[in-house]
Amino acid sequence: MEPMVDIQTMVNGTEVTARVPARQTLVDFLRYGLELTGSHVGCEHGVCGACTLRLDGDVVRGCLVLAAQADGARVETIEGVSDAGELADLQAAFHARNALQCGFCTPGVLLTAQALLESNPAPSRAEIRAYLSGNYCRCTGYHAIVDAVESLAVGGEGTVP
Amino acid sequence: MSDTGLHAILDRPNSYIGRSVPRPNLRRLLQGRGRFVDDIRLPRMVHVAFVRSPYAHARIDAIDTAAAKASPAVVAVVTGAELAAYCTPWVGVLSHLEGLKSAPQHAIAVEKACWQGEAVAAVVAESRAAAEDGVERVSVQWQELAPVADMERALDAETPVIHADLGDNLAWQRRFEAGDVDAAFAAGTVVEETFSFGRHTGVTLEPRAILASYEAAEERLTVYHSNQAPHMMQNIFATHLGLEEHNVQVICGDVGGSFGIKVHAYADEMAAAALSVMLRRPVKFIADRLESFVTDIHARDHRVQGRMAIADDGRITGLEIDDLTGIGPYSVYPRTSGIEANQIVNLTGAQYTCENYRAATRVVFQNKVPMCQYRAVGHPIATAVTEGLVDAAAAAIGMDPIEVRRRNLIADDAYPCKAPTGLSFERLSHQRALARLVELMDYDGLRAEQERRRGDGVYLGIGIATFLELTNPSAMFYGVGGARISAQEGCTLRLDAKGNVICMAGVTEQGQGAEAVMAQVTATAVGVTLDRVRVITGDTDVTPYGGGTWASRAAGIGGEAAVQAGKALRAQILEVAGIVLQAEPASLDIRAGRVVDKADGRDRVGLDEIARIAYFRADTLPKDFQSELVATRHYVPKQYPFAFTNGAQASWLEVDIETGFVTLLKHWAVEDCGTVINPQLVDEQIRGGIVQGIGAALFEHCLYDDQGQLLNGSMMDYLTPMAAEMPDIEVAHIETPTDDSELGAKGAGEAGTAGAPAAVVNAINDALRPLGARLNAHPATPERILAALGTVAEG
């Protein structure tokens, strides 16, 4: 029998009690257990950033954390952070600037960009590029993403398009 | 304002054509509420994982499935021989690539595996994890066979033949000659280079994904598929699974990137569909990243020897190429793996006036992942070879590389004209594009800075690439060769009961903005505001027949279908309005969703009112009149087999000669895709394409050992372009509309990828020139740069 673990966790502000396979990753639990499919699975080895989510406020890779590790923790996914309105400015900037094409990397990019702007409200283009260097995007070539984030930098040269 | 001119649609009032309006479908993606295949769950759904060959070439002596069948939550374990009863094999050939041959390929290998990663058995279970547990318990008895790894030796007499029935490992070859090539090389200064283009792959962030659901009672198959061409796949599923085509529905919802990766019939996807028929329940297959590297088609893998003859006045007088490419063990179905080689023969040197041209290509089988069409098919190779030779020739006669290009690019007033290979060019703007590029990048300023910094030991390089792009293909591309790949595109527009317009289109959305473009054209052609248009794509039960998205065709061909459907629906609406208003329909127009007097724009009635009367109060209309508020139009290019576009790119970079590392400082592109429907979307296609080309030029390489084993099949080991290393990219446009359509739009999806590798590698060579070093191997890795400098030995 597959070893199971009981967990109690807060997901997007709602308390969740579940019995999960001990080997299940957090992103798989969110996607297949809770049907929160906004966190995407791109590589399952921590490189691409598509599964980015928040664990106790920190931006983490959902494929490198086990669901069992979320026991007693606070998990926030793109759906929850978006509904809370926290990303509204970034989402508007990304929309106006067409800083997404297929949209598969976008949840991870948005959460990472938000973390950057919180820690550094006025990043340069080079700093934006460096901070997002763990989020793979095959479509845009990154220029538009950098533009969109830069447009929200306080006192920067960028403007909301 | 004219209703009848060649490009009348461009004169519509309140036009959305040429405007950077935001894409309507982005909100759900920004909230993580897209609907990708893996987001869909169906009742009784099971998951499949595959047992894959660890060898590049091996006979399957026996497969023991007993332990896997006893594994928890496993539903079925199926071998190739068992699945063959549900899915017939296919052969990837096209009759117009005369002589192209390939062997029958099964959904799951039956007798032997021909590449490392080919599926030899399927395990179906209640979860993907349980299926993978089952895979580990399948035991295969292998008999290793000698692999064909090196394409250079694939045709040697002592090399084993992969498919004995084919006689040899030569899939296809083509030779072409025009003019007097020998005389040209006898007279001019001659440069000669050998170029290599490593295998790379698409690495779509969403891996390949399929969910097939068979309803036995109706013999009906529904397939949710991350794919570019739903109607093509509908035909392929029906053909090989023995179903009626109208009983197969293919739905392509949100697709997480495709770039040509998701336009082929993959064996494991066919297997998933066949398993659904066999097991009579929904079967999901999502490739994980490690299996993507050994099953997604690979691209390129060419070695090209090139020669160019140039006169002292800078005229290119002769060009010769000899191309060799390794395509893996099968020509991929249904597009075949011969097209890229064919494109290289057709496109090399085609931007220049030189008429003495000789080309040869050989396409060989080998035991590696199958190779097929990926973004910009053949273009990056043709461009890198041509433009690499031009730079070498310019250096040989001591002329500035811009000046050599000016003297040889086809003049902007020379059209229509033909290339030596017979390609027809309607109207291109090579000279203007190059002039615009020189101005945009401040070429003279950069040359001065380069010179100045060399004094400080800093090696900066400028690389130029002029190029063509094949777009808007007619049936001459695939249909003529017997493939059921539609070149024509359909669009249906329907007025709803509130006066909104529903647009159903055969083109598909991969993130490039096809739905936005269709909405813009529809809104313009009918005369409504953009928020009144809803676009539906990617469902064979709903949309008119079409080819989908490939070869930079969605905007140009799908867009024209929308123009014609929009005009037809407008006429139908105005017919009703004419009756209601007792006016001549020809005296009326539709603007911003209101019927107005055409002459002075006076407001008459809203489309909501027209719809209300037509749908609910037909009793108030004349008895001999029936309103029709839905229109379908189809379009295929007719005057030209392809709408060629053109452009020029420049790369500005620094090479650290101590480490071999390249720092990209800036990239510029000037591009002419005819009518620009949405400038922002075109710019982003160009930028994304350029970065894909940069990946090929600097990083991406599927490395194999001499046993045909892929050595770097993970994202830890295979380098893709990331944000920190990429430059800012400036894009400018020239607009030369095609007269083949009213819209005048040509394609833009592949131009960036076509030119970027040539520009980057030329810039590296430009930086290294004072040191007497040169390299023509893509990707130009630090190791290869140091080898070119003589710092380290050749790897």
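What follows is a short chat about a predicted model with chains A and B.

Visitor: What are the ground rules here?
Guide: This is a predicted model, in which local features need pLDDT of at least 70 and side-chain atom pairs count only at pLDDT 80 or more, while totals for chains, interfaces and linings use all residues. Residues are numbered from 1 along each chain as its sequence is written, and chains are lettered from A and ligands numbered from 1 in the order in which they are written.

Visitor: How many helices and strands are in chain A?
Guide: Chain A has 6 helices and 5 strands. Helices (H or I, at least four residues) and strands (E, at least two) are DSSP runs, numbered from the N terminus. Starting at that end, the order is β-β-α-β-β-β-α-α-α-α-α.

Visitor: And how compact is chain A?
Guide: The radius of gyration of chain A is 16 Å, close to the 15 Å from the globule rule for 161 residues, so chain A is as compact as a globular protein of that length. That radius is taken over C-alpha atoms, and the rule is 2.2 Å times the number of residues to the power 0.38.

Visitor: What share of chain A is buried?
Guide: Buried residues are 56% of the 161. Buried means that 20 or more other C-beta atoms, placed from the backbone, lie within 10 Å of the residue's own.

Visitor: Which domains does chain A have?
Guide: Domain 1 (4-82) and domain 2 (87-150); such bounds come from an automatic or database domain assignment. Their centres, taken over C-alpha atoms, are 22 Å apart.

Visitor: How many residues of each are in contact?
Guide: 15 residues of domain 1 and 12 residues of domain 2. Contact means that the C-beta atoms, placed from the backbone, lie within 7 Å. On the domain 1 side, strand 3 (52-55) and helix 2 of chain A each supply at least two residues.

Visitor: Now the two chains. How many residues does each put into the contact?
Guide: Chain A gives 40 residues and chain B gives 42 residues. Helix 3 of chain A gives the most to the chain A side, with 4 residues.

Visitor: Which strands form the open sheet in chain B?
Guide: The order is 4-2-6, with antiparallel pairing. Strands pair if DSSP finds at least two bridges between them.

Visitor: Why is one side of strand 4 left without a neighbour?
Guide: Strand 4 (112-113) and strand 6 (139-144) of chain B stand at the edges, each with a single partner strand, so one side of each has no neighbour in the sheet. Strand 2 (residues 58-64) of chain B pairs with strand 6 over 6 bridges. B:Ala58 has B:Glu144 in strand 6 as its bridge partner.

Terms used: Contact = placed C-beta atoms within 7 Å. Buried ≥ 20, exposed ≤ 12 C-beta atoms within 10 Å, placed from the backbone.
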